Structures are given as C-alpha cells and as structure tokens.
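Me: Hi! I have a chain open on my screen and would like to talk it through with you. Could you start with a loop residue and what it touches?

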Amino acid sequence: MPEHSTTIRDVTALKVVQVGRVEKSDDPLRLFRLVDADGTEVAAVSEFLHHMLADDASPTSRRAS
C-alpha cells in the first residue's frame, strides 16, 4: 500500500494472536520489557524503548521520531 494512499483499510476484523507480554522491570533505565511467548526478552523492542528514553521522549509518547 502506498504511503499516502486514500484507500481505507477495515481493521475491525483483524485478529492478532497474543504471543507475549509486557513486564515491569526493576531497572530504572528500562522500566518495562516485552517478552515473547517463551518469556525471552525481545531485544529489538528493548533497544527501541531505551533509545526513546535516552532521547528524552515523553513516557506517554506513542510516536517514534
């Protein structure tokens, strides 16, 4: 789908399987971590969140810059 498409996708019927969870961490530099179905930390997500914190992003940010 092109980046600026005017086509609207109907996502109401989209089903996403839950395969992991977010856990609170005791590390003050990594307050939360995402783990997969096996309980293994998803390193790419942890790195992204760490960079968001290092870039002084708001804790309520939902947008990557």
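Reply: Happy to! Not counting residues up to four places away in sequence, Ser25 touches Arg30, Leu31 and Phe32, where contact means heavy atoms within 4.5 Å. This is a predicted model, in which local features need pLDDT of at least 70 and side-chain atom pairs count only at pLDDT 80 or more, while totals for chains, interfaces and linings use all residues. Residues are numbered from 1 along each chain as its sequence is written, and side-chain values use heavy atoms, with hydrogens and water left out.

Me: Thanks! Where is Ser25 placed?

Reply: Ser25 lies in the loop between β1 and β2 (32-35). Strands here are DSSP runs of E with at least two residues, helices are runs of H or I with at least four, and both are numbered from the N terminus.

Me: What does the side chain of Ser25 reach?

Reply: The Ser25 side chain reaches the backbone nitrogen of Asp27 at 3.0 Å.

Me: Zooming out, how many helices and strands are in the chain?

Reply: The chain has one helix and two strands, and along the sequence they follow the pattern β-β-α.

Me: Why does the length of helix α1 agree with what it should span?

Reply: At 1.5 Å a residue, the twelve residues of α1 (residues 43-54) should span 16 Å, and the end C-alpha atoms are 16 Å apart, so the two agree. The expected span is 1.5 Å times one less than the number of residues in the helix. After α1 comes Asp56, with a positive phi near 65°.

Me: Let's switch to charges. How many salt bridges does the structure hold?

Reply: There are three salt bridges, each being a side-chain nitrogen of Lys or Arg within 4 Å of a carboxyl oxygen of Asp or Glu. Arg21 and Glu23 meet in one of them at 3.1 Å, N to O. Arg33 also forms a salt bridge with Glu23, with the closest N and O atoms 2.9 Å apart. That pair links distant parts of the chain, as Arg33 is in strand β2 and Glu23 is in strand β1, ten residues apart.

Me: And what does Glu41 form with Arg33?

Reply: Glu41 forms a salt bridge with Arg33, and their closest N and O atoms are 3.6 Å apart. Arg21, Glu23, Arg33 and Glu41 are therefore linked in a network of salt bridges.

Me: Is Arg33 buried, partly exposed or exposed?

Reply: Arg33 is partly exposed, at 27% relative accessibility. Buried means under 20% relative accessible area, exposed means over 50%, and partly exposed is in between (1.4 Å probe, protein chains only). Glu41 is partly exposed too, at 34%, and Arg21 is partly exposed at 40%.

Me: Then what about Ser46, buried or exposed?

Reply: Ser46 counts as buried because its relative accessibility is 5%. Ser46 sits in helix α1, and leaving aside neighbours within four places in sequence, it is in contact with Arg30, Arg33 and Glu41.

Conventions:
Polar contact = N/O pair within 3.5 Å; in protein donor to acceptor, adjacent residues only side chain to side chain.
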